[in-house]
Amino acid sequence: MNPFVTSFQAIVYREALRFIQQRERFVAALVRPLLWLLVFAAGFRAALGLSIIPPYQTYITYEVYIVPGLCGMVMLFNGMQSSLSLVYDREMGSMKLLLTSPLPRWWLLFCKLMGATAISVAQVYAFLAITAAFGIVVPPLGYLLVLPALVVAGLMLGSLGLLLSGFVRQLENFAGIMNFVIFPMFFLSSALYPLWKMAESSEILHTICAVNPFTHAVELIRFALYGQLNVAALGWTLLATFAFMAIAIYSYNPNRTGIARRG
Amino acid sequence: MGGLEVFEVSYAYGSRVALQNVSFKVPPATFCALLGPNGAGKSTLFNLLTRLFSAPSGRIEIAGYDIEINPRIALSQLGVVFQKPTLDLDLTVRQNLKYFAALHGLSGAKADKRIDLCLDRLDMLERSGEKARKLNGGHRRRAEIARALLPEPKVLLLDEPTVGLDAAARRGITDYVHDLAKQGTTVLWATHLTDEIRPEDHIVLLHQARVCATGTAMSFSGELALQDRFLQMTKASSS
């Protein structure tokens, strides 16, 4: 078999195996968005009025609105979790094993990224299954059409995680990254409230939300769940994916001694 | 063409020089001990030999292939045992080896056959189903050596592979790797423990970022015991 295919299968399988062995991670990945959906959304439903905005054809409840944002949240946390695993791998030495393989480094990192994305997508589907059990459903075809959107969003957030792992020096520094990346990215996006709501309160915040790649990932998922393609969101998400991936691969370049030293 | 050549390699971490104009050759089918006190630059050299770092100057050839010009071919000639254990403790020995085999493009029946062979050679076959976490230090090292041998490397690098092992495990691993060299593998064994080196072994003494001596252990130690000669050399140049 082609060594590229063999290595791809092995790396993705290992990531999956590692995820299966960490049951707490799976539970946490589901409990977190469910808490938002069942507790936070219940409280906000009365306070937040939503007008009809695309892709919705009618008035929707707040729970329906935040489902795509929570799918993004699952992926965002998973991207950071995989980044944490990379930093751990580097500290434990197993990253050396990967990087001394006679395959191109970009390919090895891409395989890692695909592994993380596959896990991310699986988690989102588990989350969507639970939301369906609570009666929050999307058109049946949406569950299928959202798959490519989830892959693109997962790759973008995984690339961001990969990028951060290239720059985070030690495991201990990771909590700071969580606070400075996850929370601003999530709250300054359209995950919890539509952008027009944000514009009503602050134009600056609205601008920040509009350029936040996570906003576009969420909108890509939102439209795909309702069988529509948001071309602008796809473009922005792909652009961010390539930018993050390029910087991440550069950060793992052996010529970049600062990173190599920690390899 | 199965040897190892390092020519005029230098490396610095910012202003701190880790290696300066390091040059040496390890002929094919030779056991060469890279001897040096802690902080001499051995691990930096290993990181350059495995292309985890890229040397800004100089040249490294693995089995005749320049690691910068032909990194993929050069790395495919190389087996590495790192100082820190790199087994995935939650996987079985076989799963660890399968993963590594795949990273080298080996899969299916061919990989299984090779895994069985390498584990058998290191008396680890009956432990192939055990999780790495359950193995003692000696067995973990054996598993790592078996893993490094999977792609049939021409050059084997071992970075202080016996650290933390008991005397029997150290002896077993040292003897086995000496046998590998006799059978045709080029071995570079980083250590600061002189009792792992035999009189006929080659030596590269690395100290304060430079190569201080090369040759056979016998010619290096002369009238003195190897340990005394090593201490004499490293103390003399430190003071």
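This is a predicted model: local features need pLDDT of at least 70, side-chain atom pairs count only at pLDDT 80 or more; totals for chains, interfaces and linings use all residues.
1. Let's start where the two chains meet. Chain A brings 24 residues to the contact and chain B brings 25 residues. On the side of chain A that touches chain B, helix 1 (3-21), helix 4 (94-99) and helix 12 (257-260) each supply at least two residues. Helix 1 of chain A gives the most, with seven residues. Sorted by class, this side of chain A has ten nonpolar, eleven polar and three charged residues.

2. Within chain A, have a look at helix 6 (residues 140-167) and helix 11 (residues 231-251): their axes come within 8 Å and cross at roughly 30 degrees. Angles under 35 degrees count as roughly parallel, so helix 6 of chain A is roughly parallel to helix 11 of chain A. The crossing of these two helices of chain A is left-handed.

3. Helix 6 of chain A contributes, among them, A:V152, A:L155, A:M156 and A:F167, while helix 11 of chain A contributes residues including A:L234, A:L238, A:F244 and A:I247. By class, the contact of helix 6 with helix 11 of chain A has 15 nonpolar, five polar and no charged residues.

4. Turning to chain B, you will find eight helices and ten strands. Its C-alpha trace spans about 55 × 40 × 35 Å along the principal axes. The radius of gyration of chain B is 18 Å, which agrees with the value near 18 Å for a compact globule of 239 residues.

5. Inside chain B, buried residues make up 50% of the 239 residues. Of the contacts in chain B with a separation of 6 or more, 67% are between residues 24 or more positions apart.

Technical notes
Residues are numbered from 1 along each chain as its sequence is written. Chains are lettered from A and ligands numbered from 1 in the order in which they are written. Two residues are in contact if their C-beta atoms, placed from the backbone, lie within 7 Å. Helices (H or I, at least four residues) and strands (E, at least two) are DSSP runs, numbered from the N terminus. Ala, Val, Leu, Ile, Met, Phe, Trp, Tyr, Cys and Pro count as nonpolar, Asp, Glu, Lys and Arg as charged, and the others, Gly among them, as polar. Axes are lines fitted to C-alpha atoms, for helices over the stretch in contact, and angles run from 0 to 180 degrees between N-to-C directions. Angles under 35 degrees count as roughly parallel, over 145 as roughly antiparallel, 65 to 115 as roughly perpendicular and the rest as oblique. A crossing is left-handed if the near helix is turned anticlockwise from the far one by less than a right angle, and right-handed if clockwise. The radius of gyration is taken over C-alpha atoms; the globule rule is 2.2 Å times the number of residues to the power 0.38. A residue is buried if 20 or more other C-beta atoms lie within 10 Å of its own, exposed if 12 or fewer, and partly exposed in between; C-beta atoms are placed from the backbone.
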